[in-house]
Amino acid sequence: MTSRLVGAFGEYVAARELRKKGYDILSVNYSNSVGEIDIVAQKLPYVCFVEVKTRRGNIMLRPADAVDYHKQENIKSAAASYMNKYKIKALLRYDIFEVYIDENNNVIKTDYLPDAF
């Protein structure tokens, strides 16, 4: 599975798990000129901008560690644009959803980190 497919699979898993937790998925792979957001989800009173990080195999660092300051700023800019475009007046939150898969592309575990940054 290519890294692009691994990422798409992780986003699918994250969206499925968020729905199970009672979130409504508003958008997947939203992008504009300032950035990209993997998942926009809502569970009142929040609209959540979720960065999904998927990793395969034995990982020394958490997938969330890949969401550096620059990536956070891009997500925040894209989120502000999204909120403005759709005229959303809700609390917003930036979350990270980690998906760990094995060599056979089976989900080993997931971690949801609300209010991650």
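**Exercise 1: the hairpin**

Strand 1 and strand 2 form a hairpin, with two residues between them. (Strands here are DSSP E runs of at least two residues, numbered from the N terminus, like helices, which are H or I runs of at least four.) Before you start, note that this is a predicted model: local features need pLDDT of at least 70, side-chain atom pairs count only at pLDDT 80 or more, and totals for chains, interfaces and linings use all residues. Residues are numbered from 1 along each chain as its sequence is written, and side-chain values use heavy atoms, leaving out hydrogens and water.

Work out in which sense strand 1 and strand 2 pair, and find the bridge partner of Ser27.

*Solution.* Step one: locate strand 1 at residues 24-32 and strand 2 at residues 35-43. Step two: check the pairing, which takes at least two DSSP bridges between two strands. These two are antiparallel, over seven bridges. Step three: go across from Ser27 and you land on Val40 in strand 2.

**Exercise 2: around Tyr46**

Find where Tyr46 sits and list its contacts beyond four places in sequence.

*Solution.* Step one: Tyr46 belongs to strand 3, residues 46-56. Step two: look for heavy atoms within 4.5 Å, which is what contact means. Leaving aside neighbours within four places, Tyr46 touches Ala41, Leu91, Leu92 and Arg93. Step three: take Leu92, 46 residues away along the chain, and you get a C-alpha separation of 5.3 Å from Tyr46. Step four: Tyr46 counts as partly exposed because its relative accessibility is 30% (buried is under 20% relative accessible area, exposed over 50%, partly exposed in between, with a 1.4 Å probe and protein chains only).

**Exercise 3: charged pairs**

How many salt bridges does the structure hold, and is Lys53 buried or exposed?

*Solution.* Step one: side chains of opposite charge can pair when their charged atoms come close. The cut-off puts a side-chain nitrogen of Lys or Arg within 4 Å of a carboxyl oxygen of Asp or Glu. Step two: the total is nine. Step three: Lys53 meets Glu51 at 3.4 Å, N to O. Lys53 is buried, because its relative accessible area is 16%, and Glu51 is buried too, at 3%. Asp111 is partly exposed at 23%, and Lys109 is partly exposed at 41%.
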